[in-house]
Protein chains: 2
Amino acid sequence: MTTLREVADRSGVSTATVSYVLNNTRYVSPVLRSKVLAAVQETGYRPNSLARSLRCKRTHTLGLIVSDVVNPFFTEVARGAEDKASQLGFSIVLCNSDEDVGKEQHYVELLLDKQIDGLIIAPSPGEHSFLEPLRSSGFPTVLVNRSLPGFSLTTIMVDNERATYDATEHLISHGHSDIAALLSLPGSRLTAERQLGYESALRDHGLEVRFDLMVNGLSTVEGGAEASKALMSRSNPPTAIISMSTLMTLGALRAFKEMGVKCPEQVALVGFGEAIWSSVTDPPLTAIAQPAKAIGAGAVDLVEGLISSPPSGRPELRVMPCELIIRRSCGCQ
Amino acid sequence: MTTLREVADRSGVSTATVSYVLNNTRYVSPVLRSKVLAAVQETGYRPNSLARSLRCKRTHTLGLIVSDVVNPFFTEVARGAEDKASQLGFSIVLCNSDEDVGKEQHYVELLLDKQIDGLIIAPSPGEHSFLEPLRSSGFPTVLVNRSLPGFSLTTIMVDNERATYDATEHLISHGHSDIAALLSLPGSRLTAERQLGYESALRDHGLEVRFDLMVNGLSTVEGGAEASKALMSRSNPPTAIISMSTLMTLGALRAFKEMGVKCPEQVALVGFGEAIWSSVTDPPLTAIAQPAKAIGAGAVDLVEGLISSPPSGRPELRVMPCELIIRRSCGCQ
DNA sequence: ATGAAAGCGCTAACAT
DNA sequence: ATGTTAGCGCTTTCAT
């Protein structure tokens, strides 16, 4: 591997001059400049980013921690983030936490050790005191999708409460009153917010908030299937379900199929999460679409902002709009 | 940020001793050892990976270049890779090439500049001479999903030809003879292999290989929809379609829906690619399942092997098995 | 207009 | 059993 030293020797100048030429960081006479450039050409010299980063204390690398890239929402977040990052000259190190705060902390440490310039994290439910040093030191950190109760950090998320409020209202407006909610495991602020929207909508429309209609489950296809089965095998099953998690929605569909339950005839279904396949499921899904790519890109934008300019004032909270995409599963068309 | 130097001063030893303690790389008396450890505790010292990497010429970082993480296959590859990598002590820098060889080359250079220890790449169709230096220098490189005609590099992929052969045969065994193929844009070895399997199956079963039944399209939902529409609006449409790309399969489903074409009654459909939603589409998809996570993990395994031991002999070609998962869309159940 | 040299934070060969 | 010191490859201050 060619080093800057070798380029310098070969072109008969100092390492300083080579560096200055390469970075255009001070005047160098045309003669020397072309000598240097020639040597670079001949040797195929490429600067070692590591050395440069060590010296400049800038790695142009961001850490991105999500629970699981396979989760369609995070897949898009990752893509949106990578695009924007690449555009701004950053690389992204991807980490999957599996909703495990321990893994999350492990990755945060690893990434910081690697001297990343900024961190984007979709925090799992749980204790996040290990982020406190980041906050107090002003390390460029952006929270995605979930705000953290304890301390304030720059955050980009959707208005979960509003989204489920609207979706629930949609169901109500089509005559439903026994509306069940598929919630992920308790303890997550995300779920709490979504649940809140659901409850408010019921209340605002004079409907009873019934806790027996709220079921918790793992935020997976299996979890959703299980919860849906429990719901639909009751003596008086709900006439509509709102699912707070994409994977659980898929699980509901699977459960319906296995139980021979007709959707939307027997149960209407509205679910969080829009994906490429949402329109080709049976039935096509009425979905709460989150601007996932834009969220990923926005997160990178925010973190870049924190990196390049002193975080003046309170940490920003950027709320992105959701959209209810109406298809067959809610039964209104 | 605390440095090793500070830890050394604080515990009254040399930097060497601190390093030796931290890395357990030579004997240090219990007394000094505990002094060092105490200082580490007090200061919350964490080694700077950058400095360590510069010195040791090992970054414990791998580059992963795929066309698009949003592609369900690559999503899983990425996850499988990240899991295995983390298990082996590596991080992964994720890059999306969008099937653009230019971007691909750009990322390769960027990653090499960052001194990654190994590269995993799913090459796009096109000229890959820029990988030649990697090959000739023996840089740990693993190709995923597509072998490269020109030169030989360690590769992990599925037996595409075999997979489409089997799937086509399945269709034939259920009485189909007008079997169309949804191919992605020409020029890709992947597509070529899949096409080959399809043709062989036809031939082996005494069926005519008809080029008018092979349609090319963008490997996207839209591309698949368009191609399918063209196919199904003919005067004598095929009775079965085999799709060589997951996204195109989804597109076919969408096209059927829009055209009011009944699947599998009017056309049977078999497609490459299994995903979480394959069983809940309308109709559920008969799919050629690739072990995507295992492929990702395998790629990391292979690259790790190349890193830790001298690549003896010919580069390995690891072929992973596909599985035909039979559901309703092929019409046989 | 250019060069010498210090130093980023660490490891490891070479002392002792 | 421990310390000194020379780098890893680069940037940038300080001289000239």
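These legends describe close-up views of a predicted model. Local features need pLDDT of at least 70 and side-chain atom pairs count only at pLDDT 80 or more, while totals for chains, interfaces and linings use all residues. Residues are numbered from 1 along each chain as its sequence is written, and side-chain values use heavy atoms, with hydrogens and water left out.

**View 1. The contact between chain B and chain A.** With contact meaning heavy atoms within 4.5 Å, 49 residues of chain B and 49 residues of chain A take part. The area buried between the two chains is about 4200 Å², of which carbon and sulfur atoms give 56%; buried area is the accessible area (1.4 Å probe) that two parts lose on being put together, summed over both. B:Leu50, B:Arg79 and B:Val280 supply 16% of the area that chain B buries against chain A, more than any other three residues.

**View 2. A salt bridge between B:Arg79 and A:Asp98.** The side chains of these residues meet at 2.2 Å, N to O, and the count between chain B and chain A is six salt bridges, each defined as a side-chain nitrogen of Lys or Arg within 4 Å of a carboxyl oxygen of Asp or Glu.

View 3. Of the 28 residues around DNA strand C, A:Thr17, A:Ser29, B:Leu4, B:Tyr45 and B:Arg55 come nearest, where a residue is near if one of its heavy atoms lies within 4 Å of the strand.

Key
Chains are lettered from A and ligands numbered from 1 in the order in which they are written.
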